[in-house]
Amino acid sequence: MEYENVERADRAVAEAIRSEARLQDESLMMIASENVASPAVREAQGSILTNRNALGYPDSRLYPGSENIDEVEALAIAYSKELWGADHVNVQPHSGSLANLAVYLAVLDPGDRLLALHPRDGGHITHGSDLHLSGDLYETHHYELDPETGRLDYEAIARRAEEVDPDMIISGYSAYPRTIDWERFQEIAASVDAYHLADIAHLSGLIATGVFPSPVGVAEFCTGSTYKTIKTGRGGIILCDEEYGEAVDEALFPRLQGGAAMPNIAGKAAGLAEALDDEFDDYVDRTVADAEALADALAERGVDVVTGGTDTHIVLVDLRGSHSDLPGSEAERALEAAGIVANKASVPGDPRYPSDASGIRFGTTSLAARGFEGAAMDAVADLIVRALDSAGDEGALEELSAEVATLCE
């Protein structure tokens, strides 16, 4: 019986897990920041390593009897260096958010200035937003996307950097679907004597296989999540130049975190080992091909795709073109009722508050992991548009959810 041990502990918990398994099986899971962990990753994350309190780093733990957990963490670090070519790696962050905070703490003082993409345009709240601790600690200024093209305007960013004179410039985003010129960002940062942090939370897997350019060795710091496109155990990672390694490690532990979450680090190690295999290259290629096919199929049906397409796993749509009276919040609910799980998102020049927004962000990571090929994206796009057209019609959305379940099956 599946989850029988959980059932003995608490039947309600076991049933909630079963219900979630059914939801994932029968829905189009299209949250761009989610993925499908492999059996190896899930086994490692549920392992006996949860019994240990791993304070410190390999060969420098506060508690004895740590040789096995040291080996697991050392392997995760070694695989990371092989995948991304980084000088120094820290695999202990519990999340990408904490990875960012550790970098800030390592080299910035309270009150220093950050220059980051505005959250409305796809910047992340951990990049100095007033909703996040970083916004309390640092003085944040923003650059914006070109409202006409939805793309980065590097000349405008350079001018903004001259105006602001920041201590750190942040590149890398949560809803930007196009290639990023990391070298140009580094030039801009150098011109104002600022550090450059490239947040590759959404891009780490694409960068590892070479389908997206790498900022490693360009920016002083790269941070990321380890459960999006790289598909490993949950948590974060920091890649940096060797000269900053000690400061980053000390900022994370003991200043920011306590003991390392060893089951998650084991999940990272297992997933990173899988990412070194050629099959992972095929998976990433399929992820991007699916996104490109989805963008084309949506555009053919009259949906406004921001920037006209994608270079990543993200397809960002602006509903104002095809469904002008439908806020992103209502579109999100309609899609969910139809068995399509994707989130509302602001778009460049968005007149709506983020709680409503005018766009939807779709991701293809989970679909690609489940075997969806590019040809299936035509059917997915059709279901998406029909769900948007049926917003508010519960009967029609319920019928669509049955179609979605059949497609998933």
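Modeller: A disulfide is a pair of cysteine sulfur atoms within 2.5 Å. By that cut-off this predicted model holds 0 disulfides. The sulfur of Cys222 has its closest cysteine sulfur in Cys240, and at 9.1 Å that is too far for a bond. Cys240 is likewise in no disulfide, with the sulfur of Cys222 as its nearest cysteine sulfur. Cys222 is buried, at a relative accessible area of 1%, and Cys240 also counts as buried, at 4% relative accessibility.

Helix H5 covers residues 96–107, and helix H10 covers residues 245–256. Their axes lie 8 Å apart and the helices pack at an angle of about 115°. That makes H5 roughly perpendicular to H10, and the crossing is right-handed. On the H5 side the contact is made by Leu98, Leu101, Ala102, Leu105 and Ala106. H10 contributes Ala247, Val248, Ala251, Leu252, Arg255 and Leu256. Sorted by class, this contact has 10 nonpolar residues, no polar ones and 1 charged residue.

The next pair is H7 and H8. Helix H7 spans residues 154–164 and helix H8 spans residues 182–191. Their axes come within 9 Å and cross at roughly 20°. An angle under 35 degrees counts as roughly parallel, and H7 and H8 are therefore roughly parallel to each other. The crossing of these two helices is right-handed. From H7, the residues in contact are Tyr154, Glu155, Ile157, Ala158, Ala161 and Glu162. They meet Arg184, Phe185, Ile188 and Ser191 of H8. The class count for H7 with H8 is 6 nonpolar, 1 polar and 3 charged residues.

Phi of Asp193 is near 55°, which is a positive value in a residue other than glycine. Asp193 counts as exposed, at 72% relative accessibility.

Thr307 is found in the loop between strand E11 (304–305) and strand E12 (314–318). At 14% relative accessibility, Thr307 counts as buried, whereas Asp193 counts as exposed.

The remaining pair is H16 and H17. Helix H16 runs over residues 377–389 and helix H17 over residues 394–408. They pack at an angle of about 165°, with their axes 10 Å apart. Angles over 145 degrees count as roughly antiparallel, and H16 and H17 are therefore roughly antiparallel to each other. Their crossing is left-handed. Ala379, Val380, Leu383, Arg386 and Ala387 are the H16 residues in contact. Facing them in H17 are Leu397, Leu400, Glu403, Val404 and Leu407. By class, the contact has 8 nonpolar, no polar and 2 charged residues.

Note on methods
Residues numbered from 1 in each chain as written. Predicted model: local features only at pLDDT ≥ 70, side-chain atom pairs only at ≥ 80, totals over all residues. Heavy atoms only, no water. Buried < 20%, exposed > 50% of the residue type's maximum accessible area, 1.4 Å probe, protein only. Axes fitted to C-alpha atoms, helices over the stretch in contact; angles between N-to-C directions. Helix = DSSP H or I, 4+ residues; strand = E, 2+ residues; numbered from the N terminus. Parallel < 35°, antiparallel > 145°, perpendicular 65-115°, else oblique. Left-handed = near helix turned anticlockwise from the far one by under 90°. Contact = heavy atoms within 4.5 Å. Nonpolar A, V, L, I, M, F, W, Y, C, P; charged D, E, K, R; others polar.
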